[in-house]
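This report describes a protein model through its elements, its packing and the contact between its chains. The sequence and structure are shown first.

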Amino acid sequence: MSKAKIFLCRCEDVTLSEFRDAYGEGFTELESLKRYTGVGTGFCQGKGCLSEAAGELAVLRNIPPGEVKLTNIRPPAEPLTFAQLAALDVPPAGNNVEDDS
Amino acid sequence: MASDKVHIRFEGKTLECRSDTTVAVALWENGVRCLSRSPKYGRPRGVTCARGHCTACLMRVDNIPNVRTCELPVREGMEIQRQDAGAFYAAPMQKVLAAGSAFFPVGFYYKWFTKPATVSRLFLNGIRPLTGVGRLPGPEHATRVLPPASDPQDPTAASATDLGRFDTVIVGAGPSGLAAAEKATGRVLILDDHEIPGGQRYGALRRLAEDQGKILDRFDVLRSSLERIEKLRDQFSTRNDVTFLQGTRAIAGYHPDHLLLRREDRLQSVKFDTLIWAAGALDTLGLFPGNDTPGLLGPRALYRLLVRDGLQVKGMHVLIIGGGLDFWLSAALLDVAGAHLSLVVTNSDDPSEIPAAVDRKWPLNTGLILDNISGMGEQKLRASFSPDGSQSIRHDSQMTMDADLAVICNRAKPAYDVPFQLGGDVTLQPDLGGFALSDDSSLVAVGEAGGNLPGDPAHPADEVNIP
């Protein structure tokens, strides 16, 4: 068995040290760290890791936790099949907020 | 618990299992804990959240990839295969991979391999069977149509998939959701992913109430928790004007007032004037080396596996680490189920329960912090601890404990994704355990989602404020 790693994101296999390295390379927002490391982009859509990642980022940047900006989370919050969506009588209407990034 | 047996096929073998459980638990009870391999490091992963959130239990079932096996009931003749767990991830291949990683520096872009197209196709055709990924469902599933909603007793489920508009929609029927329902007026819908109202701990507490040894009488925190939930359930049972949707969860929010719900495979759509977000908290295992080891669970996953799926733990050695209501509930539940316990109290805010634990002859340690957990083969794990510096108890140096199962009871974190999608103000609030919704006019967070802890006497769940 390989040396024990600390997993920040289990879905995409992002370790805490990889997250810190990415911060060291100049990615200082949760959004860019997500895009660079893959944290929060897996099957669970960040349920398992984004709160932890944001807490770590607040420590790295030495800022109050309330100032860490959450990434844009678009619906749905879990993977669905086309068959499930096609079985809906009324398709979801309306726009997600902030869908500009 | 007597139940019929069914047989499932797993990678060429036929396994016998109870008919009233899930695929993940059936495999566990047949000695298969590694359900998948992680995508980058190929590490073994076992059932973790037991509520269909995480990647760990995704398997190929009857030729359909990415099925959540922690929520899938077993069925006679089912064909189960692991994904991403082929020869590619065997230990020798890992060494080859590690040696090759020098050729892929930071910044390497995988699309450099897309030209010429013939080479790319050869590369992909070769690599996919090796990893076990990229196999699509068979053509017989291309036109798979969902069966009609199954429960004719429930008018809302049997009718169209659009439930219309409600004055108040309450997500979560735990203590705080029920308390909110008591105060809500007009047309009210309340939904929960359990079959009955009461919340994530209710089934486990009920199980303790049935115990002959009257374990509940020893632990005030557990008995008062059950009494509060029973009282709220009694009040709720008189509310014939409130619609309860069982086995349903909110899985998407469309700004400003539109929710998408999922019940098993079926989606439903509903609109609301006020949303009360009382969704149960999520387990937080914490950040330490080996925090992905199979056999490591949070308390909420434990309740689901033991109470909902009937996981047999008789004779197992179980290590419980942490503190708080879930720590004692996990310990009592496992004790009643016949497991051998080892307790490590790392959060000693609530020492009042310790005498009762000593009475039950639970081996109990304090003054330790968890350093790491590692897997010891398929079925065992080992936890290493070191002294936390408090002088109450002296430990010479690092100590290790072996177990079949480890339960980590940390501060849980709120679910926040759907409120964010609805335009809610979601900020990082470490005292709530992570990102959490702050109330605004039409979105209200209560219970563990909003900082009013059901187990916390300072914030009784029945004092939630509904505007």
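B:Ser225 touches B:Leu205 and B:Leu325, leaving aside residues up to four places away in sequence; contact means heavy atoms within 4.5 Å. B:Ser225 belongs to helix H7 (residues 220-237) of chain B. With a relative accessibility of 5%, B:Ser225 counts as buried. Buried means under 20% relative accessible area, exposed over 50%, and partly exposed in between, using a 1.4 Å probe and protein chains only.

## Basis of the description

The model is predicted: local features need pLDDT of at least 70, side-chain atom pairs count only at pLDDT 80 or more, and totals for chains, interfaces and linings use all residues. Residues are numbered from 1 along each chain as its sequence is written, chains are lettered from A and ligands numbered from 1 in the order in which they are written, and side-chain values use heavy atoms, with hydrogens and water left out.

## The two chains

Chain B contains 11 helices and 24 strands. Helices (H or I, at least four residues) and strands (E, at least two) are DSSP runs, numbered from the N terminus. Of the 467 residues of chain B, 51% count as buried. Among contacts in chain B with a separation of 6 or more, 58% are between residues 24 or more positions apart.

Chain A has 4 helices and 2 strands, and along the sequence these follow the pattern β-β-α-α-α-α. Of its 101 residues, 44% count as buried.

## A parallel sheet and its helices

In chain B, 5 strands form an open sheet with parallel pairing, in the order E14-E21-E15-E16-E17. Two strands pair if DSSP finds at least two bridges between them. Strand E14 (296-297) and strand E17 (364-366) of chain B are the edge strands, each pairing on one side only. E14(B) is joined in the parallel sense to strand E21 (residues 405-409) of chain B over 2 bridges, and B:Leu297 has B:Val407 as its bridge partner in E21(B).

Helix H8 (residues 299-308) of chain B lies across E14 and E21 of chain B, running at about 130° to E21(B). Helix H9 (residues 325-336) of chain B also packs on the sheet, touching strand E15 (317-322), strand E16 (340-345), E17 and E21 of chain B. The direction of H9(B) makes about 170° with that of E16(B). For such angles, axes are lines fitted to C-alpha atoms, for helices over the stretch in contact, and values run from 0 to 180 degrees between N-to-C directions.

## Strands around E8 of chain B

Strand E8 (residues 162-171) of chain B pairs with E13(B) in the parallel sense over 7 bridges. E8(B) is also joined by 4 bridges to strand E9 (residues 188-191) of chain B, again running parallel. B:Val171 stands opposite B:Trp277 in E13(B), and its bridge partner in E9(B) is B:Leu191.

B:Arg266 is placed in strand E13 (residues 266-277) of chain B. B:Arg266 is buried, with a relative accessible area of 18%.

## Nonpolar cores

A nonpolar core is a set of buried Ala, Val, Leu, Ile, Met, Phe, Trp, Tyr and Cys residues joined through side-chain atoms within 4.5 Å. The largest has 63 residues, of which B:Leu27, B:Leu222, B:Ile320, B:Trp328, B:Leu334 and B:Trp362 touch the most other members. H9(B) gives the most to this core, with 8 residues. Another core, of 51 residues, lies apart from it and has A:Leu30, B:Phe166, B:Leu189 and B:Ala415 among its members.

In helix H2 (residues 30-37) of chain A, the residues A:Leu30, A:Glu31, A:Leu33, A:Lys34 and A:Thr37 are buried. They cover an arc of only 165° around the axis, which puts them on the same side of H2(A); the arc is that of the directions from the helix axis to the C-beta atoms. These buried residues pack against strand E2 (14-15), helix H1 (16-24) and helix H3 (50-61) of chain A, together with strand E23 (434-438) of chain B. A:Gly38, whose phi is positive, near 90°, follows H2(A).

The contact between the chains takes 56 residues from chain B and 59 residues from chain A. The two chains bury about 4900 Å² between them, 61% of it on carbon and sulfur atoms. Buried area is the accessible area (1.4 Å probe) that two parts lose on being put together, summed over both. B:Leu287, B:Phe420 and B:Leu428 supply 13% of the area that chain B buries against chain A, more than any other three residues.
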